[in-house]
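Colleague: I would like to learn how to read the sheets and helix packing of a fold. Could we go through one together?

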Amino acid sequence: MFQIQPLTPERIARMAAGEVIDSLGAALRELLENALDAQATRIQVEIWPTRWQVRVGDNGHGIPASELEQVARRHTTSKLEGRSLGFRGEALHSLARLGSLAIQTRHADDAHGWLAAYDRQGELIHKQPAATALGTVVTVADLFADWPLRRRALPQTRPLLTLVQNAALAHPWVSWQVHQEGQLLLSLWPGKSLQDLLLQVLPQLDPTDLRYRRIQDGDSDWEVVLGLPDRLHRPHPDWIRVAVNGRFVQMPDWQRLIQSVFHHALPRHRHPLVVVHLRLPPEQVDWNRHPAKSELYLENLTARQEQLRQHLHSLLQLGSGQASRRSVHLIRASEAKVVYRVSPDLQSRFPPSDRPTSLLPPLKALAQLHRIYILAEHPQGLWLVEQHLAHERVRYEYIQQHWQLVAPATPVTLQGLSPQALERLEQLGLEPEPFGPNTHLIRRLPLALESEDPEEVQGSLLELSRCQDLQAAQVAVACRGALRNGIPLTLEQMQKLLEAWQRTANPHTCPHGRPVYLALAEKDLARYFRRRWGLCDRPISDSKLGSLWELDPLGDRFAAQVRRSSGSSASEPTDEASSAPL
């Protein structure tokens, strides 16, 4: 017979240590948080995966010599209630239980530093004076020597670097260095904001592709960085990251919320780049949910989620008048063979919007290219706008705002609906009624479809019957009714389309996530043509220009007069190509 027996203190301590420290990364995490809680501004990390060893040095407050004896005992801490990173009082004790712990430190009140070593119970076994700067260096060696099952595979470098990167993003005022086996892997200098550190962690990013904002919202302080969805997206959701009070945490609900905000702004099977840091009063955060403090309880969770949604939408609505610095590769598209005709008045195709004036720069339609693209001028250069995608975005947002169901003047009949199609229409609230053999009657329509042609309405309803949910239905209807490529447009029609598109909430992408426009900055055009600012940019009157070209068709006198009007031939504009060797 098995008898119920109490666990020995030794077993209890080992179990607790194993919960807190389950990998070399967990050991590194605890040491990083201790350094940050010591108000360090410089942190150096050294890792030796093959030796299961990690060392973290900082320039923080240090540990007073009088406290070294109890620093690794269980349930002891110098962190007061309310400290942002929380505490359990088990980190150093657990590290001593699972490896060899040594601490070299110097406090401002001590005349010199100290080197201390600890046994498996966290008791001080050796202490001696040591020459060291203010701060602390903690070394954990031979981790899991008595736990061979946790040494089945060597630690991977990437998760360890991710820990340091996350800590740097949450504490941008700290400088960081990471060495592995004596080789420098990562070096980050201090910045003023989350965005400053993100550009160091991901140096391939173009700052013009990011949107950053810090918002004080009542008792909460938000820092949000996101990549413009038409320019930055990821194959995996690895850069949807959320931090609370200095620590990155797992918040699946918030990650799903972020995904939903970007759902119709990204290409299919792609994920956004979003980093959020929320700072709250300490009493609103409970870290005692998981030993690793990777999960938490948050006060007013629903209200915080709604705040996050609003901040993301606000940032997405910020227009960009600048082109990306990336190289632009234009893909030649074949021109549509069928020539479509369109009514001279397109105002009904571009429904009015209650949205205020767009933050995009003002655009002026210049021409239509291949009956696909609208060439538009703006103060900083040129834009190519894909007319179908732009109109699709206009229709999608109009349909979202006018989806309420109404009774049409004449019911719509549909034939050949499968049981699955009938079920989907019912889920959308359209309630098809039997009306003869293999025929159904629709007596309720979305308001956005009420003014369309009966044939177009039938096609849209059949499209809806193939959609799995409301969002997919709205996207399908928007795409079906949008201007097709191949339709010739007048300048007036193009201008109306541009103005309607600029009033949308997210003009950068179509509902499927494809980019709507290509921006060509004037400075990039000038660089391509190797043009420098000079006399070539000085204005000249139309009358003078006309007379010059009449008498001087080759332009020789024109150039000479421009030089004379400047007062000095020496200030003639230069060309990079002219100075190049022949």
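Modeller: We will go from the overall content to the sheets, then to a helix pair and a single residue. This is a predicted model, in which local features need pLDDT of at least 70 and side-chain atom pairs count only at pLDDT 80 or more, while totals for chains, interfaces and linings use all residues. Residues are numbered from 1 along each chain as its sequence is written, and side-chain values use heavy atoms, with hydrogens and water left out.

Colleague: Where do we begin, and how many helices and strands does the protein have?

Modeller: Helices (H or I, at least four residues) and strands (E, at least two) are DSSP runs, numbered from the N terminus. The protein has 15 helices and 24 strands. Of its 582 residues, 47% are buried, where buried means under 20% relative accessible area, exposed over 50% and partly exposed in between (1.4 Å probe, protein chains only). Contact means heavy atoms within 4.5 Å; among contacts between residues at least 6 apart in sequence, 68% join residues at least 24 apart.

Colleague: How do I read a sheet, and in what order do the 8 strands of the open sheet come?

Modeller: Start with pairing: two strands pair if DSSP finds at least two bridges between them. Here the order is S5-S4-S3-S6-S2-S1-S7-S8, with mixed pairing. S5 (124–130) and S8 (183–188) are the edge strands, each pairing on one side only. From one strand to the next, the twist averages 10°. Inside the sheet, S2 (residues 53–58) and S6 (residues 135–141) pair in the antiparallel sense over 5 bridges, and Gly 57 stands opposite Val 137 in S6.

Colleague: Which strands does helix H2 lie across?

Modeller: Angles run from 0 to 180 degrees between N-to-C directions, and axes are lines fitted to C-alpha atoms, for helices over the stretch in contact. H2 (residues 24–37) lies across S1 (42–48), S2, S6 and S7 (175–180), and runs at about 10° to S2.

Colleague: What is the strand order in the open sheet of 5 strands?

Modeller: That one reads S9-S10-S13-S11-S12, again with mixed pairing. Its edges are S9 (210–217) and S12 (247–249), each pairing on one side only. Neighbouring strands are turned by 20° against each other on average, direction ignored. S11 (residues 240–244) and S12 run antiparallel, joined by 3 bridges, and Ala 243 has Phe 248 of S12 as its bridge partner. Helix H4 (residues 157–170) lies across S11, S12 and S13 (274–279), at about 120° to S12. Helix H7 (residues 301–316) also packs on the sheet, touching S9, S10 (220–227) and S13, and its direction makes about 45° with that of S10.

Colleague: How do I describe two packed helices?

Modeller: They are described by the angle between their axes and the distance between the axes. H8 (residues 387–401) and H11 (residues 470–481) pack at about 135°, with axes 8 Å apart. That angle makes H8 oblique to H11, since angles under 35 degrees count as roughly parallel, over 145 as roughly antiparallel, 65 to 115 as roughly perpendicular and the rest as oblique. The contact residues include His 388 and Arg 395 of H8, and Val 475 and Cys 479 of H11.

Colleague: Is Ser 465 buried or exposed?

Modeller: Ser 465 counts as buried because its relative accessibility is 4%. Ser 465 lies in the loop between H10 (454–464) and H11. Leaving aside neighbours within four places in sequence, Ser 465 is in contact with Leu 417, Ala 421, Arg 424 and Leu 425.
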